[in-house]
Amino acid sequence: MWTHRVFPSLAWVVPFGISASLFGSLMMNMFQLSRVAYIAGQEGQLPALFHMLNGHSSPSLAVLLFVTIASIAVISMDLIELINYLNFVFYIWTVLSMIGILKLRRQEPDLPRPYKVFLPFPLVAMAVSLCLVLIPLVKSPHMYYMHICLFILSGLLVYVPFVHFKWKLAGFQTMTCHLQLLFNICVPDVSDEPTSEAERVKKKAAF
């Protein structure tokens, strides 16, 4: 409305900018979530299938999983409720991620880091995200916030037996082999993974 009244000839710029921003955010989230699943598979927190790459060095199974889940959610749910759900989960995730950064910075101060985050940034991000989690709970409490928390905690039903106690399902290894053949994926070779600049300098010096 503001652009229509002040800059009528440029009224299309604002929706175009919003659309471009949303598209960029969607692409970033797709790359981010697929790589999070890739690392979770590497650490044994998800099935090993998610730690496998295709011929283009892409975790295609992780990407396919998130695209499928997102498509089902968009088709089966009201869009406004879905946005509220995702925002709430995203800010909880941000708070936990910032706590993890601060915990590692305190417990492992000398850990090699390709990029060291300036400490006030995670503190500010955690404070803002915590406000965005608590304000809706206090100002307009709804049952779906409780449903979201229960859904997040339901992950313990899978984590405790299969990750903590390392239970194995019968026939899961066979299913893994069939899915590898179907999606043409395999565990990446360590020698193919990128190395740091210091390691490349050492290799050149040794050569």
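Colleague: Where is Ser-57, and what makes it count as partly exposed?

Modeller: Ser-57 sits in the loop between α2 and α3 of this predicted model. Its relative accessible area is 47%. Buried would need a value under 20% and exposed one over 50%, so at 47% Ser-57 is partly exposed.

Colleague: How do you know whether Lys-166 is buried or exposed?

Modeller: Lys-166 has a relative accessible area of 62%. The cut-off for exposed is over 50%, so Lys-166 is exposed. Its place is the loop between α7 (156–164) and α8 (172–183).

Colleague: And which label does Pro-114 get, buried or exposed?

Modeller: Pro-114 has 91% relative accessibility, and because that is over 50%, it counts as exposed. The loop between α4 and α5 holds this proline. From Val-13, Pro-114 is 101 residues away in sequence and 38 Å away in space, C-alpha to C-alpha.

Colleague: Back to the loop between α2 and α3: why is His-51, which lies there, called buried?

Modeller: The relative accessible area of His-51 is 12%. Leaving out residues up to four places away in sequence, His-51 touches Tyr-38, Gly-41, Gln-42, Val-187 and Pro-188.

Colleague: What makes α4 oblique to α6?

Modeller: α4 and α6 (residues 143–153) pack at an angle of about 55°, and their axes are 11 Å apart. Roughly parallel would need an angle under 35 degrees, and roughly perpendicular begins at 65. About 55° lies between those limits, so α4 is oblique to α6. The crossing of α4 and α6 is right-handed. From α4 the contact takes Asn-84, Tyr-85, Phe-88, Val-89 and Ile-92, and from α6 it takes Tyr-144, Tyr-145, Ile-148, Cys-149 and Ile-152. Nine of the residues in the contact of α4 with α6 are nonpolar, one is polar and none is charged.

Colleague: How do you know whether Thr-94 is buried or exposed?

Modeller: Thr-94 belongs to α4 (residues 79–107). Its relative accessibility is 15%, and because buried means under 20%, Thr-94 counts as buried. Apart from neighbours within four places in sequence, Thr-94 is in contact with Ala-125 and Ser-129. The C-alpha atoms of Thr-94 and Leu-130 are 8.6 Å apart, although 36 residues separate the two in sequence.

Colleague: And why does Ser-129 get the label buried?

Modeller: Ser-129 is part of α5 (residues 120–139). With a relative accessible area of 5%, Ser-129 is under the 20% limit and is therefore buried. Not counting residues up to four places away in sequence, Ser-129 touches Tyr-91, Thr-94 and Val-95.

Colleague: Where does UniProt place the "transmembrane region" feature, and how much helix does the model have over residues 61–80 and 117–138?

Modeller: The unreviewed UniProt entry places that feature at residues 6–26, 61–80, 86–105, 117–138 and 144–165. Over residues 61–80 the model is 90% helix and 0% strand, with the end C-alpha atoms 28 Å apart. Over residues 117–138 the figures are 86% helix and 0% strand, and the end C-alpha atoms are 32 Å apart.

Note on methods
Residues numbered from 1 in each chain as written. Predicted model: local features only at pLDDT ≥ 70, side-chain atom pairs only at ≥ 80, totals over all residues. Heavy atoms only, no water. UniProt positions renumbered as here; feature names shortened; annotations may be inferred. Helix = DSSP H or I, 4+ residues; strand = E, 2+ residues; numbered from the N terminus. Buried < 20%, exposed > 50% of the residue type's maximum accessible area, 1.4 Å probe, protein only. Contact = heavy atoms within 4.5 Å. Axes fitted to C-alpha atoms, helices over the stretch in contact; angles between N-to-C directions. Parallel < 35°, antiparallel > 145°, perpendicular 65-115°, else oblique. Left-handed = near helix turned anticlockwise from the far one by under 90°. Nonpolar A, V, L, I, M, F, W, Y, C, P; charged D, E, K, R; others polar.
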